[in-house]
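Have the viewer open as you read.

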Amino acid sequence: MNRTTLSLIAVATALAAVTGFATLTAPDSTGAAVAQTPALLPVERTSQLCPAPSMSDIAETTYTSFTPAGTSGSGTSGSAGLSESVVTLADTAGNTKDATKDAQKDDKSDDKDAKSDGEKTDSAQDKAFLALKEPGKPVSAEASGAEAPALVGSADGRLAPGWTTQQTTTVSVGGARGLLGMTCAGPDTDFWFPGASTEESRQDYVHLTNPDETAAVADIEVYGKDGVLKSEVGEGIPVPGRSSVPVLLSTLTGESAPDATVHVTTRTGRVGAVVRVADEKAGSDWLAASGDPAARLVLPGIPADATDVRLVAFATGEDDADLKVQLAGADGTITPAGNETLHVKSRMTASLDLADVTKGQAGSLVLSPVGSGRAAPVVAALRVVRGKGANQEIAFIPATAPIASRATVADNRAKGSTLSLTAPGAAAKVKVTSSAGTGGGEPAVQTYTVKAGTTLAVTPPAPKGLKGSYAVTVEPEAGGGPVHAARTLALPEDGVPMFTVQTLPDDRGMVSVPKAREDLSILGD
């Protein structure tokens, strides 16, 4: 094999690792270039970031990590672990400082504490807070109070394909009361969060977490119903290496926006981003990023007993969007009376109050362009309320792409987990696997049929002899229509219907890599 051949294959493989796709071309017998069909191979390395879970002293947090078993070609070795990162606070000028420092100490004391903190940080980064040993068996760790850490980590080898970590926090009383759940995400450079707010009754923090050793610089823009909100402090926010920075949205602008869209981008480096919401009347939860802007969106997993549902959408491009609003329920797809369409102006946030739209049956919202004109890309999310009066609780459902191959959600309990499967187009068959528990048990598998245009809400198959929590893996079978999925975890407490909803995007455990021909001499010397 010659040097040129090796270089071309190496470049193509590296490109696939970064982008998830690469194409290699070679001339045929006539000299014409022919694209080689790419092969699907398991990813070799992946990263995850979990923000600091709460500022409450009575918060109880569980971290659960899992990799599905049975990924062909992933090898026999590998590691996966998450370590603590430093939490720093951003002031209104975009500067950051260590959240653990006491501002009242003198300079000498500060220097001593800074050295001590640095030593602790180095030690924490060297030791995994949560380490996964093998595919198919979830592991968990717990932390209490406001000191529960933000985590950064990676997986490689056989533990990389489909690796996922769930962070679940319970706060029983106070202004941040609620069940806060999120799937720890990988780093990126661009995020959209429709459904945020800067009004007085809300405390929305954008958490920026940097997995790398070098600092990242992020910009945060906030858009209301009339466009971007004026801000002089949302640009150039530094995020130190292996650190997490929470930024209170209301400090970025003096304008109040009940329904807002947050856009996070990075100038240098990459970050993980998520919004922690605390509503003084309706509890708290995490708002995850919406899927990529698209003309057609699905927001899966609205609980059957939702008492209030609010859609927030944002048109990311230069064109306005006119959206048809539909609900895919248990018996088919309907158009909510009086809420048939939503007009979203370019670069502006629009909202629609859908009230108790599910009427006792779990459903999913489907957005599509009105008519056959030019379709404008949008992002969207739902604010969902269960309960009434003083016993309300909120959760958020962002728009989510269909599962291309496989998706997993961890930390399912013996009671309280509901899986919503939506087939907005053609009917689909879906294989659902419940793993062994964190403390023991045997996996369970069941296949479901989702009728065209419907949402099927099921309790995942119970693992045999379950001890602890378990993971649920969803795999649509070939030949069916696209499938969107979400998991609702309900843990009621003292009359409050605490719940959280996590959508299930594809785990991207496989990447397209170009196949090499048997005779590679065609690539030249």
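Is alanine 355 buried, partly exposed or exposed? With a relative accessibility of 31%, alanine 355 counts as partly exposed (buried is under 20% relative accessible area, exposed is over 50% and partly exposed lies in between, using a 1.4 Å probe and protein chains only).

## Ground rules

This is a predicted model, so local features need pLDDT of at least 70 and side-chain atom pairs count only at pLDDT 80 or more, while totals for chains, interfaces and linings use all residues. Residues are numbered from 1 along each chain as its sequence is written, and side-chain values use heavy atoms, with hydrogens and water left out.

Alanine 355 has a positive phi of about 55° despite not being a glycine. Most residues other than glycine have a negative phi.

Aspartate 494 is another non-glycine residue with a positive phi, near 50°. Aspartate 494 is exposed, with a relative accessible area of 71%.

## The disulfide

Searching the whole structure turns up one disulfide (a pair of cysteine sulfur atoms within 2.5 Å). The partners are cysteine 50 and cysteine 184, with their sulfur atoms 2.0 Å apart. Cysteine 50 belongs to strand 4 (residues 45-50), and cysteine 184 to the loop between strand 12 (178-183) and strand 13 (190-196), so the pair links distant parts of the chain, 134 residues apart.

What is the handedness of this disulfide? The torsion about the S-S bond is about 115°, so the disulfide is right-handed. Both cysteine 50 and cysteine 184 are buried.

## The largest cavity

There are two cavities of 30 Å³ or more, and the largest has a volume of about 60 Å³. Here a cavity is a set of points on a 1 Å grid over the protein atoms alone where a 1.4 Å probe fits but cannot get out, and lining residues have an atom within 4 Å of a point. Grid points are joined across faces, edges and corners, and the volume is the space filled by probe spheres set on the points.

Cys50 turns up again in the lining of this largest cavity, where other residues include Leu49, Met182 and Val274. Strand 20 gives the largest share of that lining, three residues. The lining divides into seven nonpolar, three polar and no charged residues (Ala, Val, Leu, Ile, Met, Phe, Trp, Tyr, Cys and Pro count as nonpolar, Asp, Glu, Lys and Arg as charged, and the others, Gly among them, as polar).

## Rings and charges

The structure holds five aromatic pairs (rings of Phe, Tyr and Trp, the last by its six-membered ring, with centres within 6.5 Å; planes under 30 degrees apart are stacked, over 60 edge-to-face and the rest tilted). One of them joins tyrosine 63 and phenylalanine 129 edge-to-face, at 5.2 Å centre to centre and 80° between the planes. Tyrosine 63 is buried at 0% relative accessible area, whereas phenylalanine 129 is partly exposed at 23%. Ring pairs also link Trp192, Tyr223 and Phe314 into a cluster.

Arginine 276 lies over the face of tyrosine 205, 5.4 Å from the ring centre (the rule wants NZ of Lys or CZ of Arg within 6 Å of the ring centre and within 35 degrees of the ring normal). Arginine 386 lies over the face of phenylalanine 499, at 5.1 Å from the ring centre.

Key
Helices (H or I, at least four residues) and strands (E, at least two) are DSSP runs, numbered from the N terminus. On a 1 Å grid over the protein atoms alone, a cavity is a set of points where a 1.4 Å probe fits but cannot get out, and a pocket is an open set with protein on both sides within 12 Å along at least five of seven lines; lining residues have an atom within 4 Å of a point.
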